[in-house]
Amino acid sequence: MNQDIFIAAKVSSAMEALFGASAANLPIQIQATRKEFTGDVTAVLFPVLKISKLSPEETGKKIGEYLLQTTPEIESYNVVKGFLNIKFSEDFWRTIFKNICADERFGFLPSTGRNVMVEFSSPNTNKPLHLGHIRNILLGWSVSKLLEANGHNVMKVNLVNDRGIHICKSMMAWKREGNGITPEMAGKKGDHLVGDFYVKFNDLYTAQVKEMIANGLSEEEAKREAPIMKQTQQMLVDWEKGDEETVALWKKMNSWVYDGFDKTYETLGVSFDRVYYESQTYLFGKSLVEKGLQMGVFERREDGSVWCDLTGDGLDSKLLLRGDGTSVYMTQDLGTAQQRFSEYNLDEHVYVVGNEQNYHFQVLKLILKKLGFDWADNIYHLSYGMVELPEGKMKSREGTVVDADDLLESMYNTAKETSMELGKIEGMSEEEQDELFRMISLGALKYFIIKVDPKKGMLFNPKESIDFNGNTGPFIQYTHARIKSILRKAAQAGWTAHIDDSAPLNDREISIIKAVNMYPVKVAEAGKAYSPALIANYAYDLAKEFNQYYHDVTILKEENNAVRETRLALASMIADTLTKAMDILGIRLPEKM
RNA sequence: GGCUCUGUAGUUCAACGGAUAGAAUGGAAGUUUCCUAAACUUUAGAUGGCGGUUCGAUUCCGCCCGGAGCUACCA
């Protein structure tokens, strides 16, 4: 039983009994009581003054008195300004405490039966992943976990952009300058090798353009007519025709990239239920163009191109089929959406894509609606802000990107150095140490990224390495490790975690029970907002609360058996809740650190 | 120009329209005979500007100022 919901119902019936209000739609507002006042929950009285027709003080007193008389769980109340603060009895909290500990599935909401697909990562195959991709991947993963905790059936998918001019550029450069080199020969991850050739292509191209300009062409002409660009465009045409040699090279270089991506995904601890490839879906949606034309929502122009007029919706016209009959990205996305909704009987489809594509998704939904697909309303674009460096946006071409693998490695090294400095690894085997460094470095990175509201842009300063102290992942991991340490020692002494009715609960303990009891509400809230950041902030607050408690009281040295075992139960409950919350963020918590 | 997002301590982040705007970090000062000091305690420090709606606005609305992105027969 959640305290807010409980008291909302009580206040509601008090309103009914005292003021003859009808129970439905009463404007009852409940919030946690602020620390500086006495009480557990607070009813905001302003909204109900119209019904009570009394002053805030009078209204509060009447409701408070009524509740005190009729609700045994309530111990006292006070009214400050327009706020009715209510304090529950110790027994009320003890019962909640017991219920939480007895509930294995605490924090997992009941199944909704809804099928939700979450698409994230969706990389191009011409270069390695960078920090921007990491934000996408971590968000996608944690939102998936969050939606699962909200009771949905979640399917995680990745749509790999494996075809197009970008990969042809890498292929062209490799053909010209690669001398048959492979990732094994180069001793580097395949995605990095392919990325090197993408950069190489740009060097070659730029040099050609420069030369042509020197020979008297305009910049525009030079860019268009550069031989290497022409050859690369021809390569794409060859690929589409299925030219054997081109396809073989394409397959080879893509497979290198996939090997590289897989390693990064594995390090990050993410996986997908299904991977789609654009080479297999890029022709989707053409049939929808026919449908749109028949319905009269699309129009064919003289040159044969097909458009959807969105000017009536405040947007421009959108091209769906080129004059030569080939389709564009939007066409494919329309087809893919339709295909997925029908194949998996989806109730919802979440796309984790950067906010630079807000317009695209606006158009996508609009066109689907025009085509008569009501499920278009069940598409949710989880639009997140860009990761910026102090100098501004990351740009692959200018080399101002923070490479994902480099970052993970440097985080690992920092975790290692810090752990050794603090003397935390005594008695640990090599494997245990490696496991711990991975856990901590990933915990720091993931928390750093996920704690920020997804829709906001965020700043990453490579010069100031990601913190391990304060409001960080390792802080929460450390809190967990401390609790586990206590529990281990208790177990050695033969003590169990057990809530004893004779053990009094102090304010801090009640405050912790209160916080833990809010966890399911937070999960629901965060799910509704598609915001794992809310879970991150919650977990931090809870960990902080425990650290303060830990500082104030002793657990193992407590002589009263009932009190000690109750405190052990409290600590254990916090560890469990932190574990669940951090699992949503994809962060694992160590037993020791 | 149009559309979307955004502006909070020196810095990085919080705050269903609610009480005296919270943390962290950095600055200053402390805590270890005691369950892990990656912790804890004290301290100074912020809502870009002007209006509006409201009992109450960081939050909603309008205008101004400042950022970011989109507005391709690219993906």
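Predicted model: local features only at pLDDT ≥ 70, side-chain atom pairs only at ≥ 80, totals over all residues.

User: Okay, how many helices and strands does chain A have?

Analyst: Chain A contains 22 helices and 15 strands. Its C-alpha atoms fill a box of roughly 90 × 65 × 40 Å along the principal axes.

User: And which domains does the domain assignment give for chain A?

Analyst: The assignment lists domain 1 (3-88), domain 2 (163-271) and domain 3 (404-584). Between the C-alpha centres of domain 1 and domain 3 there are 35 Å.

User: What share of the residues of chain A counts as buried?

Analyst: Of its 593 residues, 39% count as buried. There is also a number for contacts along the chain: taking those between residues at least 6 apart in sequence, 73% join residues at least 24 apart.

User: Now the RNA. Which residues come nearest to RNA strand B?

Analyst: Of the 76 residues around RNA strand B, the nearest are Arg322, Tyr359, Asp453, Gly470 and Tyr478.

User: Which helix or strand gives the most to that surface near RNA strand B?

Analyst: That would be α18, with 8 residues. Other elements that each supply at least two residues include β1 (29-32), β4 (83-88), α15 (358-370) and α16 (404-421).

User: How do the residues of that surface divide into nonpolar, polar and charged?

Analyst: The surface near RNA strand B has 30 nonpolar, 26 polar and 20 charged residues.

User: Switching topic: which residues have the most contacts inside the largest nonpolar core?

Analyst: Ala539, Ile574 and Leu578 do, in a core of 130 residues. Helix α22 (residues 561-584) gives the most to this core, namely 11 residues.

User: What does Ala539 touch, leaving out residues up to four places away in sequence?

Analyst: Ala539 touches Ile476, Leu578, Ala581 and Met582. There is a second, separate core too, with 16 residues, among them Leu320, Leu321, Leu334 and Ala337.

User: Let's do strands. Which way do β5 and β11 run, parallel or antiparallel?

Analyst: Strand β5 (residues 115-119) and β11 run parallel, joined by 4 bridges. If you want a pair to look for, Val118 stands opposite Val350 in β11.

User: Over how many bridges does β11 pair with β12?

Analyst: β11 and strand β12 (residues 379-384) pair over 6 bridges, in the parallel sense. Here the bridge partner of His349 is Ile379 in β12.

User: Where is Asn378 found?

Analyst: Asn378 is in the loop between α15 and β12. Leaving aside neighbours within four places in sequence, Asn378 is in contact with Asp347, Glu348 and His349. Asn378 and Val116 are 262 residues apart along the chain, while their C-alpha atoms are separated by 9.5 Å.

User: Why does Asn378 count as partly exposed?

Analyst: Asn378 is partly exposed because 16 other C-beta atoms lie within 10 Å. A buried residue would need 20 or more, and an exposed one 12 or fewer.

User: What about Asn345, what is its phi?

Analyst: Phi of Asn345 is near 50 degrees, a positive value in a residue other than glycine. You'll find Asn345 in the loop between α14 (329-344) and β11 (348-354). Asn345 counts as exposed because it has 8 C-beta neighbours inside 10 Å.

User: And Tyr530, is that one buried or exposed?

Analyst: Tyr530 is buried, because 22 other C-beta atoms lie within 10 Å. Phi of Tyr530 is also positive, near 55 degrees. Tyr530 belongs to the loop between α20 (519-529) and α21.

User: Last one: where does Trp495 lie?

Analyst: Trp495 lies in the loop between α18 and α19 (507-517). Not counting residues up to four places away in sequence, Trp495 touches Ala490, Arg564, Glu565 and Leu568.

User: How far apart are the C-alpha atoms of Trp495 and Gly586?

Analyst: They are separated by 32 Å, with Trp495 and Gly586 lying 91 residues apart along the chain.

User: Great, thanks for the tour!

Key. Residues numbered from 1 in each chain as written. Chains lettered and ligands numbered in written order. Near = placed C-beta within 6 Å. Nonpolar A, V, L, I, M, F, W, Y, C, P; charged D, E, K, R; others polar. Domains from an automatic or database assignment. Contact = placed C-beta atoms within 7 Å. Core = buried A, V, L, I, M, F, W, Y, C linked by C-beta atoms within 7 Å. Pairing = 2+ DSSP bridges.
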